[in-house]
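Student: I would like to work through this structure with you, one question at a time. Please show it first.

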Amino acid sequence: MLKLVSAPSFFIRLPFSQCMNGMFNSFLIRLNRVRLKAVLCMALVFALHSIYANAQTSAPGADSNAPKSSADEQYQHAREAFEKGEFKKAEELARGLLRKEHLSSELFQLLGHISYRRDELGQAALWYERATLFPTPSVELRQNIMHIRSRTGNVNFPSNGFRDQYAAFLTRSQWFYIGGTSLWVFVIAVTVYYFFRRRSAARVFLMLVRVLALVTATLAGLGWYWHPSYDKVERLAVITEQDARAYTAASTGSGMVMNNIPPGSGVKKLEERGAWTYVEIPTEQLVRGWVESRFLTSYWPFNPAYLE
Amino acid sequence: MTFTPFKFSCHQMAAVRGWRLLMLLFLCCGLVLPASAQISGSSGGTGVSAQVSPTQIRPGGFANFSVMVEGGDASDIQQPTLPEGVALGSPGRSTSSDMSIINGRTTRRYTQSWQITSDKPGKYIIPPQEVKVNGRTRMTEPVEFVVVERGASAAAEYSMYQPMISIEAGKLEFYVGEIVPLTASLYIHQDTLLRRVGLIELPKDSFAIQRFPLQADESVTTMGKQPYRVLTYKSTMSALKPGKYTLGPATSEIIIDMPSRGNPLPHPFLMQSDPQKVRPSSNEIDIKVVPLPEKGKPDGFNGVVGDFQMNITAEPMNVAVGEPISVEITISGTGNFDAIVEPKMTDASKWRVYPSRRFNMTSPDSYDGGTSQQIGYSQVIIPQQQVTSVPSYKFSFFSPTENKYFTLHTPPIPLEVSPGESMVSPSGEGLAGDMPKTPVLQPPAFEPTPQAKAELTDILAYVPEKSMWLAAKPQPWRSEAFILTSAIAGGVLVTLLLGKIGTVIVAANRNAADATARALWKSLGHRNQPAAQFYSTAAHYIKEKHLQGAEIAALLHTYNEANFSPEQEAGLQPVSAEERSRVLQVLRNAEAGQRA
């Protein structure tokens, strides 16, 4: 470009092509100035759009058929009935909400309280465990689960407290959107990095952006991976009835594996055969045996899409 | 008698050969036909059908709903789709498969069956069931199923066989928290056969009711000249708050075999029976719950109601200061043991007291409200000074039989406590010298302080005011919003990359060594240029390309004339097309000559 500008002295008039070159030069200079801003604006728009899209799909009652207000009113009635000690009425109202596919962590907690007050400790533990699947981590839930465990001595699969607490801060979709957005910001920042001169301030800034984006994407990926998905809980079940026993074969006349599986114990279903289920029981060393299916309740019998 | 050897004639030999050929033909047919039948059977068409047997039942009766697949590999139906009002009698599914060969044709049949029932009379249509056969989805035909109401006479006859439940409370008026025996009796007619008894369910509003056991005490009784088996289930209950309440009715889902009408055989084992699912309801009981009196309520009372005794043991009885003593306290009696917390030491000033551990000495499961129960607390205590006895422990409760509060105290247990090794006199001279009467205990260097520990006795019944309803969402990567946003971001990225590549190419083109010459050549091609400008550009091109030769010299001469001659008019005349072509040809030839 500079060669053309410093043309030989015998040029009398500036040729048309030289005018065009000048315009192109100024365009490039202008483009260099606005390019970083444009890219950053686009990344911001993309991030905001992703969050907005996620918020749209995860908004309370986003796809429920019944009006949200009626569900809220029914929840309030159930709550009031529980406070008054009318557990049967409270349970009917709460289960009515479940039948209409109105699910929430708070409703699971309420059903857990009702079950506990009705001395159904296995059911109570199951509702509390279901409530822990959704943000945000609750100290009350953890304490209630611990209390039921101390009363029944139930057994459960080992968990990692840090992972569970961390992953429970957001839903799986939210973790995914954050991870996806961060990855796009990273890719765009890496690309735009090479548009600028070496040792320029913009390059330093983009380096910082891509490191932060990579860290955010990693953290979001871990949150997404650790968060319970339907695949992880599909085969889990909880002992909800008392006097559950595990046998070596699908018959009460066969040998005993475990004489009394405490209510609230988590098991993994391996096979179902008629009225019997072959399960894995997380005692100190994993044991397997046949349990009558009527003692078990599936961990997540609802629509798997609620776990996303 | 002469023996004549048997000889075949030619005709006979031919006949034998014919028979042999015929036999061989039959043998081949025998081998080939079943095989071909097998092939045709396996490759033949498949059939899917459904049926209900029997097609008519009484309310609460059972029928078998079967889905049959012939001639193919069928997928399992986990749960059939049933119309409203029809339910599964049992959650299990039974399967069977059989194979039949009819006229050499092999047919396989796979049957899946469920037990279904309904309580409401009416005509039901079981909708088509979806089943995959050899990977293809097939539907069964809808099946009709009728539940017929019993006639008046039959209903009266069946009512005789209906099971009954009654509940009975040990007391009709009792205190809040008091444990009261509760009995549920199930009466089963002797002519019926009990198949299954569900859990006895009882509304638990305002009461804490221990779950009824699955095992019952069994006896026989006669009511209205009818013999009944009586299954007695024992449990306990306690009231959560004072007031007047109605307890019941208790219900349970029961399956019994009722005798069919007109059957002459006397016993259900021998006669044809009709399985029925029934849910009898019990009587209701009016209960009055009395609040605990405020008068005389001891400090630290925490709602324990019953009649209790308390004992204590401690060992060893001979220790040094700083050495642990194990104390075991047992509480026995009847009452709400769940509410009992550990008894407290009355004077713990000279003791280091560790948290106690509770253990059951009798199983609470076998407790029926009347028999005695026993629990224990074990605790470690350490004397910090020389003491003479283990102080007494106290435990308060309300006795419903005496209608007053009691506070039990254990007797002090005499001890011999010798000075410990860490005991020194105030002067630091040791214990061997003038030992003071009340030695001072030096704080042990590494004795850990027992950490406070939570003791949960109930749930935190916190219910959030608002419920954040969950939404069923597709997996994020299937969400339209995510796909659209990713496409936009990808588009931005591609645009940036293409822009960068284009910029680099254009810049490289502009900065090439022959860029000036190419620009000049392009300018030479413009039409109607003034001669001065045209030849000036040509001269510039000649200089850039370092062209030489006679024709080039002539061109430069023309350039000088056009630009620097006094006659400026000639320089302003436009160059004709022929002249422009000639000049360009000269330049091309000179450039070619230079390259050569």
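Student: What is the strand order of the open sheet of three strands in chain B?
Tutor: This is a predicted model, so take each value as computed: local features need pLDDT of at least 70, side-chain atom pairs count only at pLDDT 80 or more, and totals for chains, interfaces and linings use all residues. Residues are numbered from 1 along each chain as written, chains are lettered from A and ligands numbered from 1 in written order, and side-chain values use heavy atoms, without hydrogens and water. Strands (E, at least two residues) and helices (H or I, at least four) are DSSP runs numbered from the N terminus, and two strands pair if DSSP finds at least two bridges between them. With mixed pairing, the order in chain B is S2-S10-S7.

Student: Which strands are the edge strands?
Tutor: An edge strand here pairs on one side only. In chain B that applies to strand S2 (56-57) and strand S7 (122-126).

Student: Do S2(B) and S10(B) run parallel or antiparallel?
Tutor: Strands of a sheet pair through backbone hydrogen bonds, either parallel or antiparallel. Two bridges join S2(B) to strand S10 (residues 143-147) of chain B. Ile57(B) stands opposite Val147(B) in S10(B). The direction of S2(B) and S10(B) is parallel.

Student: Which residues form the covered face of strand S1 in chain B?
Tutor: In a regular strand the side chains alternate between the two faces of the sheet. Strand S1 (residues 47-53) of chain B has an uncovered face of Gly47(B), Ser49(B), Gln51(B) and Ser53(B). Its covered face holds Val48(B), Ala50(B) and Val52(B).

Student: Which residue is the bridge partner of Val52(B) in S3(B)?
Tutor: S1(B) and strand S3 (residues 62-70) of chain B run antiparallel, joined by seven bridges. In S3(B), the partner of Val52(B) is Phe65(B).

Student: How many residues of chain B are in contact with chain A?
Tutor: Contact means heavy atoms within 4.5 Å. Chain A brings 78 residues to this interface. On the side of chain B the number is 58.

Student: How much area do chain A and chain B bury between them?
Tutor: Buried area is the accessible area (1.4 Å probe) that two parts lose on being put together, summed over both. Carbon and sulfur atoms carry 63% of it here. The total is about 6,500 Å².

Student: Which residues meet in a salt bridge at 3.4 Å, N to O?
Tutor: A salt bridge is a side-chain nitrogen of Lys or Arg within 4 Å of a carboxyl oxygen of Asp or Glu. Between chain A and chain B the count is two. One of the pairs, at 3.4 Å, is Glu241(A) and Arg211(B).

Student: Which element gives the largest share of the side of chain A that touches chain B?
Tutor: The elements giving two or more residues to that side include helix H2 (16-58), helix H3 (68-83) and helix H9 (172-193) of chain A. The largest share is 11 residues, and the helix is H2(A).

Student: Are Glu308(A) and Arg172(A) buried or exposed?
Tutor: Their side chains meet in a salt bridge (3.7 Å, N to O). The pair links distant parts of the chain, 136 residues apart: Glu308(A) in the segment after strand S7 (296-298) of chain A, Arg172(A) in helix H9 of chain A. Buried means under 20% relative accessible area, exposed over 50%, partly exposed in between (1.4 Å probe, protein chains only). At 10% for Glu308(A) and 7% for Arg172(A), each counts as buried.

Student: How many residues apart in sequence are the parts tied together by Glu253(B) and Arg279(B)?
Tutor: The two side chains meet in a salt bridge (3.8 Å, N to O). Glu253(B) lies in the loop between strand S18 (243-247) and strand S19 (254-259) of chain B, and Arg279(B) in the loop between strand S20 (273-278) and strand S21 (285-290) of chain B, so the tied parts are apart by 26 residues.
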